[in-house]
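The following exercises concern the structure shown below. Each task is followed by a solution that goes step by step.

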Amino acid sequence: MTRPHTLVVRLDSAGDVLLAGPAVRMAAAGSRRVTLLAGPPGAGAARLLPGVDEVVVHEAPWVARDAPPVDPAECTALVDGLARRRIDRALVLTSYHQSPLPTALLLKLAGVAWVAADSEDYPGSLLDLRHHRAPGRHEAEAAMDLAADSGFVLPEGDGGGLATTPPPETAQLTGSDPYIVVHPGSSAPARAWSEQRAARAVAALAAAGHRVVVTGDRREKKLTSAVAGRHALDLGGRTGLRELAGVLARADAVLVGNTGPAHLAAAVGTPVVCLFAPVVPAERWAPFGVPHVLLGDQEAPCAGSRAVSCPVAGHPCLDAVEDADVLAAFDLLTAPHPRRTSTGTSLEART
């Protein structure tokens, strides 16, 4: 029997796409070709995933944070483009709070014969497999559950963790001596420290003997410069996503909020000290498959709000984390024989 051409859909952020990686590899193991449909924020991450043959980009107005108006011409172009690719099966991956049905409708219009997704809403004829997500399931595990119930399995020897294609050599950026990374930025300000708080932590880490590298994209150069100060190497604006993967891969550990680079660090196998703002639940979004420590008050008033900007004065869930907590977390993750597991250790700061 001919193996199918499978479409995997993940239309939101880079971190979401990276969490889809194990499910993508499952699909690739049972398909002759895998196309990944991604939104603009996730397209770069999609191109890093093993098993992906082609990336198609579409900004979906039912997913994007600053949603564009519905454009019939763009929807028609997507349907026509997918129809030309003669896709046999599709897995529509969504977060627990999203609906797959707008995507499923377009896929059916494109002639995709078999579509699977998690859906609590009645799908009519839009889904051939209406899957129900297990309560509290991590995003990466939920995607693998859907792939498994669609008939796909992980390749032999694949442990089901996050992964990327091999990152480039980045010693020319970082130097060859050991280092840790602090990534202070986030696309959602609620999930990051204030600039002043991040700068204080970098100074404390440097004083404790760590060589610190500060990372950020070109839009964050002012932030990374202020956070690095005279205590750290500032790589703000000097790395694209592939280069950032290389910098993170060679770090001893990474300090980052619950944002895309936390999942990129996990994908390259680097332990994560995660400043986890509880605007989304840690059980679903914590770094996956690598040793990690969660810092932050998971019972703060913002918990479960999905807020982009902090709704509580003073950002207490994260800014109340003490330098001592940060240093202890790095000691735990960088010790020669640390006592930790792949599910991580949680340390909560008091507010």
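A residue is called buried under 20% relative accessible area, exposed over 50%, and partly exposed in between (1.4 Å probe, protein chains only). The model is predicted, so local features need pLDDT of at least 70 and side-chain atom pairs count only at pLDDT 80 or more, whereas totals for chains, interfaces and linings use all residues. Residues are numbered from 1 along each chain as its sequence is written, and side-chain values use heavy atoms, with hydrogens and water left out.

**Exercise 1. Trace the salt bridges of arginine 10.**

Step 1. One partner is aspartate 12, whose side chain meets that of arginine 10 at 2.8 Å, N to O. Another is glutamate 139, with the closest N and O atoms 3.6 Å apart.

Step 2. The pair of arginine 10 in strand 1 and glutamate 139 in helix 6 links distant parts of the chain, 129 residues apart.

Step 3. Arginine 10 is buried at 4% relative accessible area, aspartate 12 is buried at 11%, and glutamate 139 is buried at 3%.

Step 4. Arg10, Asp12 and Glu139 are among the members of a salt-bridge network that also includes Asp16, Asp118 and Arg133. The structure holds 15 salt bridges.

**Exercise 2. Check the length of helix 8 and describe its faces.**

Step 1. The expected span is 1.5 Å times one less than the number of residues. For the 13 residues of helix 8 (residues 195-207) this gives 18 Å, and the end C-alpha atoms are 18 Å apart, which agrees.

Step 2. The buried residues are Arg197, Ala198, Ala201, Val202, Ala204 and Leu205. Seen down the axis of helix 8, they fall within an arc of 165° and so line one face of the helix; the arc is that of the directions from the helix axis to the C-beta atoms.

Step 3. The face turned away from the buried side carries the exposed residues Gln196 and Ala207.

Step 4. The buried residues of helix 8 pack (heavy atoms within 4.5 Å) against several elements, including strand 7 (180-183), helix 9 (221-228) and helix 14 (323-334).

Step 5. Glycine 209, with a positive phi near 100°, follows helix 8.

**Exercise 3. How many of the nine residues of helix 2 are buried?**

Step 1. Helix 2 (residues 21-29) is mostly covered, with seven of its nine residues buried.

Step 2. These are Gly21, Pro22, Ala23, Val24, Arg25, Met26 and Ala27.

Step 3. Their packing partners include strand 1 (5-10), helix 1 (14-19) and helix 6 (139-149).

Notes
Helices (H or I, at least four residues) and strands (E, at least two) are DSSP runs, numbered from the N terminus. A salt bridge is a side-chain nitrogen of Lys or Arg within 4 Å of a carboxyl oxygen of Asp or Glu.
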